[in-house]
Amino acid sequence: MVEKSIIGIDVSKNTLDCCYLGKNSSEFIQIANNLKGFRDLEKWLRNDCKITIDNCLICMEHTGLYNKPILNYLAKKK
């Protein structure tokens, strides 16, 4: 079984609070809840956390309308 990194996302209308939980550390970033923010998330994961989005287990609350954009973005990334 491949070990996945865990990303927790707290969803709101305008922002996403994202937390990476590593074995020995944790990192936090707040991004915009839009396409630019989603790209910033990938860049942050790659540069600061040294992981890629396809190697993550991403958890978030169901907020209906507010988490739909990030869900669609992640679905396209598989």
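Two strands are said to pair if DSSP finds at least two bridges between them, and the helices (H or I, at least four residues) and strands (E, at least two) named below are DSSP runs, numbered from the N terminus. The structure is a predicted model, in which local features need pLDDT of at least 70 and side-chain atom pairs count only at pLDDT 80 or more, while totals for chains, interfaces and linings use all residues. Residues are numbered from 1 along each chain as its sequence is written, and side-chain values use heavy atoms, with hydrogens and water left out.

**The sheet and the helix on it**

Four strands form an open sheet with mixed pairing, and their order is β3-β2-β1-β4. Because β3 and β4 (56–60) stand at the edges, each with a single partner strand, one side of each has no neighbour in the sheet. On average, neighbouring strands of this sheet are turned by 20° against each other, direction ignored; here axes are lines fitted to C-alpha atoms, for helices over the stretch in contact, and angles run from 0 to 180 degrees between N-to-C directions. Helix α1 packs on the sheet and touches β1, β2, β3 and β4, where contact means heavy atoms within 4.5 Å. The direction of α1 makes about 160° with that of β3.

Within the sheet, strand β2 (residues 15–21) and strand β3 (residues 26–32) run antiparallel and are joined by seven bridges. These two strands, β2 and β3, form a hairpin with four residues between them, and C18 has I29 in β3 as its bridge partner.

**Two salt bridges**

A salt bridge is a side-chain nitrogen of Lys or Arg within 4 Å of a carboxyl oxygen of Asp or Glu, and the structure holds two of them.

| Salt bridge | Closest N and O atoms |
|---|---|
| K36 and D40 | 2.9 Å |
| E42 and K77 | 3.2 Å |

A residue is called buried under 20% relative accessible area, exposed over 50%, and partly exposed in between (1.4 Å probe, protein chains only). K36 is exposed because its relative accessible area is 57%, whereas D40, at 28%, counts as partly exposed. In the other pair, E42 counts as buried because its relative accessibility is 16%, while K77 is partly exposed at 42%.

**Nonpolar residues at the surface**

I6, L21 and L57 form a nonpolar patch on the surface, and together they have about 260 Å² of accessible area. Patches are made of residues with over 30% relative accessible area and no salt bridge, with like charges joined within 9 Å and nonpolar side chains (Val, Leu, Ile, Met, Phe, Trp, Tyr) within 5 Å, and accessible areas come from the Shrake-Rupley method with a 1.4 Å probe, where for residues only the protein chains shown count as cover. I6 belongs to strand β1 (residues 5–11) and counts as partly exposed because its relative accessibility is 38%.
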